[in-house]
Amino acid sequence: MARTPLYEAHVAAGGRLVDFAGWDMPIQYSGVIDEYQSVRTRAGLFDVSHMGRLLVVGPGARDFLNRLTTNEVGGLAVGQAQYSMVCNEQGGIKDDIFIYRTSDDAYTVCVNASNRQKILDWFQAHRKASDGCAITDRSGELAQLAVQGPASRALLESTGLRAAETLKLRHCAEETVAGQPCLLARTGYTGELGYELYFPADVARAVWDLLLKQGSALGVKPAGLGARDLLRLEMAYLLYGNDIEEDTSPLEANAGWVVAMDKTDFVGKAALSAQQSHLSRRLIAFELLERGVPRHGFPIRSPQAGEAPIGHVTSGNLSPLLQKGIGLGYVPVGYAAPGTSLIIDIRGKAFPAVVVKPPFYKQKRSS
């Protein structure tokens, strides 16, 4: 099983480690709810070094990425980032990604851990000699940390990362941490003010220890995958392997906003264009009307459609914020409008639910 450069730090901090996409990763330290509350009220420190980090460099890097991803890469200025997707020819999602433009001809692409090799192979297979770019897998040589929560900016400033003070959402800047170059990005998957740091793997422990030491007075705690999943679910953010896969499209997943149909061409455009006029299903957000905990794979039924399932839950849990069961799932488009009544089958018992407009967590972000 693969380990990040911070494996020993997780053990020392009492982290409970689990297999996550082939990586030995902490599911929790002090407890999922305690870590969740730390992020919502103070800040949490996440090791996300298991993610893949690909570098695309060269005069043709922009056009290459524009052809291989759904969003408009051409609109990115140096120091900007965007959420996007990589699709197959049928419009199915191979991965959801973040792209950071770090210089005129250089882009860092952050991909999901389980899809790193798949996306690297896909990029290399589609790169032509005329593209004028090189693709490098830097996943092993870089570490990646996420600092998320209202106190994240103060924490980073206290460690000398001054760019955190003025960095805007979906922007990045070159910085220095532990005497080494660092890419500081204002991105994250929690709905809170937050940042991600990319830096050489050999200083990962020094950076981890520094952030926890400086953050102790601010109530910063290490946080694991359990808290991260709760936080992202309350924002209705997509989880690859649960909510999106190669047999789901961005349009079905309500992610049409990352698909630039006005681009000249990109892999999957023809299929997505055809799908626009006959979309058969859509990912919805729902809340339970009685106390219960929906889970991945549970059937979704309609009060008007009998006992046969019309869909299934892709992500679900009990929201600590709302104190009710919440979830995501695919249903036919006729059942996708907010206010629609549904039934969630939880181990054979019917729980009434209603379709809601996401996200579940609607606190206004910091500027």
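1. β10 and β11 form a hairpin with two residues between them. In the turn, A178 has a positive phi of about 50 degrees. Strand β10 covers residues 172-177 and β11 covers residues 180-185; six bridges join them, and they run antiparallel. V177 stands opposite Q180 in β11. Strands (E, at least two residues) and helices (H or I, at least four) are DSSP runs, numbered from the N terminus.

2. On the basis: this is a predicted model, where local features need pLDDT of at least 70, side-chain atom pairs count only at pLDDT 80 or more, and totals for chains, interfaces and linings use all residues. Residues are numbered from 1 along each chain as its sequence is written, and side-chain values use heavy atoms, with hydrogens and water left out.

3. Five strands make an open sheet in the order β5-β6-β7-β4-β8, with antiparallel pairing (at least two DSSP bridges between two strands). β5 (81-87) and β8 (134-137) are at the edges with a single partner strand each, so one side of each has no neighbour in the sheet.

4. R53 stands opposite C110 in β7.

5. Helix α4 (residues 116-126) lies across β4, β5, β6 (93-103), β7 and β8. Its angle to β8 is about 165 degrees.

Methods: Contact means heavy atoms within 4.5 Å. Axes are lines fitted to C-alpha atoms, for helices over the stretch in contact, and angles run from 0 to 180 degrees between N-to-C directions.
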